[in-house]
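Welcome! Take a moment to look over the sequence and the structure below, and then we will walk through one of the chains together.

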Amino acid sequence: MKKSVTIGKILAYILMITFTLLTVVPLVWMILSSFKPHALIVRQPLAPPFTFYVENFILSWVQGHLGIYFLNSIVYSLSATFVTVILAMSSGYALSKFHYRSGRIIYGLYTLGLLITVHSVIVPLFIMETKLGISNTRLGVILPYIAFGLPFQVFLATTYVKGIPDSMQESAIIDGATFLEVFVKIIIPVATPILSTMFIYTFLGNWNEFVLVLTLTSDMMIRSLPVGINSFAGGMSRDYGLQFAALVIGTVPMIIFYMIFKDKIAQGFAAGSLKE
Amino acid sequence: MTYAQQKHMSYWILVLPGILVFASIIIFPVLFSFSLSFTTWNGYGMPTFAGLENYRTIISDSVFQHSLRNNLLIVVISVFGQIPLGFLLAYLLHRRMVRHGSFYQTMIFLPITISPVVVALLWNQIFSSSGMVVALVRSITDNPQYVIRIFENQQLAIVPILFVLLWMHTGTYMIIYYANLQKMTPSVLEAAQIDGASEKQMLMRIILPSMVGTIATTAIFAISGSLKAFDLIYAMTGGGPAHFTEVIAIYMYVNTFKYYKYGFGSAASIIIVLLAVGLILLLQYFSRRLERRFE
């Protein structure tokens, strides 16, 4: 009995440590390599940087236009996330507390939306945006971001608002408040925890999004960071130092974001599957 | 304005903006895509009706067949790799089998924040001829000529990608299962422990049966995620060399945006949706049978 417990523990540690090393080692290697000039990376892949070759960062930032991409990513992620969360929350309130028959149909449509991938709409979307003249514009990126964020966020919001007791709304209505006032003054304050989860989860998804920007934009000035970093893989630069620097620029802010909001991100993932 | 009117109006103010955006950007294009899939169209002029021609061409195309096989391998590694490993890790953390569990949890979940494109380029570097793997193998085996040849093999080229997918997503499943395990009422387990149930009995008789629903839900995510796999593979290999690592989403993308075969591309995208729905229905059938057996 005692023996099997120890063996189990040893196996548990082996598994945990293996997975941790698999995450940490590549990232550390990436960061070390980003401070090495190209020749040293190629000749001695495992050697530590002998000097801090920061030229990699300066060059990749300037040549790769990473400043513009970074700014675009911030604009897309913040604006689309903000609108998605507001729309999802208001829908969540309407779909869980009003009990109209149309509510069920709308909720069903959103649930179906969970199954639909970007790829199954990308062709018509591209055609529609070209016809409307919003392809290759920031609006043409933000609108699809909102639409694809909605299904899951509506699901999260609806589930959460359902759990808010009806009595809170009823007493306010009896006191003469309108339903919109109830939404702003009661539902939103009570739902703050789920709102922040929704915001952080959606932000993460938007920040890392790739296909939509890749297909719907061609103008360099409005592309986002993942697409910008991807161009380092192609013919743009054979300089591995620059590539590693770009990867570090793409990763480090997200690792900091993760360290701050880890619990909220985990909640976002877990909330989709939690049984009531 | 009466109470009923006020309620009705508020309802539509709350719900309409969202559903309008959703319908015009997702619902309408899906229907559009479905009808385009029965036509030939290069983006100019009018689409010409082609019946099931696109579907027939796709299904008999050997590149598509290889892509489908790759997609199914991704489904397999997700459902039978990421999910059991994620569950195992979550279970070990939940049962406090290791000290400093939250540290390991933080580290294993971390890849979720990194953009698939960055992940792809990083692992390309790791697998490259001047990468970490080659350098390590060379120094361990003392063979300075070692090179990775797996990408040149039609059957095996997808394997490194499967590994990276496992690396990226196992942590996510771990987090999901961990959250669900925490929700279980501890009294049931305590009672079982007092009654002298072994670790294995508790896992098999109490914990796993109560997790069937969660596992089925995550398997749905895994299947639909696997079939739309694009970003990572596109940035890692672009489907190459010679279509060895191609998946349906890349097949669709190349045909649409490189060869301007809009009808053809639409048909490929509809096939992705149909496959996802089919596999999910199959999964639900099995999980319902499994749940009944545990009852």
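## A covered helix

In helix 11 of chain B, the buried residues are Ile248(B), Ala249(B), Ile250(B), Tyr251(B), Met252(B), Tyr253(B), Asn255(B) and Thr256(B). Buried here means that 20 or more other C-beta atoms, placed from the backbone, lie within 10 Å of the residue's own; 12 or fewer make it exposed, and anything in between partly exposed. Helix 11 spans residues 248–257 and is mostly covered, with 8 of its 10 residues buried. Across chain B, buried residues make up 40% of the 295 residues.

## About the model

This is a predicted model, where local features need pLDDT of at least 70 and side-chain atom pairs count only at pLDDT 80 or more, while totals for chains, interfaces and linings use all residues. Residues are numbered from 1 along each chain as its sequence is written, with chains lettered from A and ligands numbered from 1 in the order in which they are written.

Chain B averages a pLDDT (the predictor's confidence in each residue, from 0 to 100) of 88, and 99% of its residues score at least 70. The model's scores are ipTM 0.88 and pTM 0.90.

## Where the chains touch

The contact takes 75 residues from chain B and 78 residues from chain A; two residues are in contact if their C-beta atoms, placed from the backbone, lie within 7 Å. On the side of chain B that touches chain A, helix 1 (residues 3–36) gives the most, with 20 residues. Helices (H or I, at least four residues) are DSSP runs, numbered from the N terminus.

Conventions: Helices (H or I, at least four residues) and strands (E, at least two) are DSSP runs, numbered from the N terminus.
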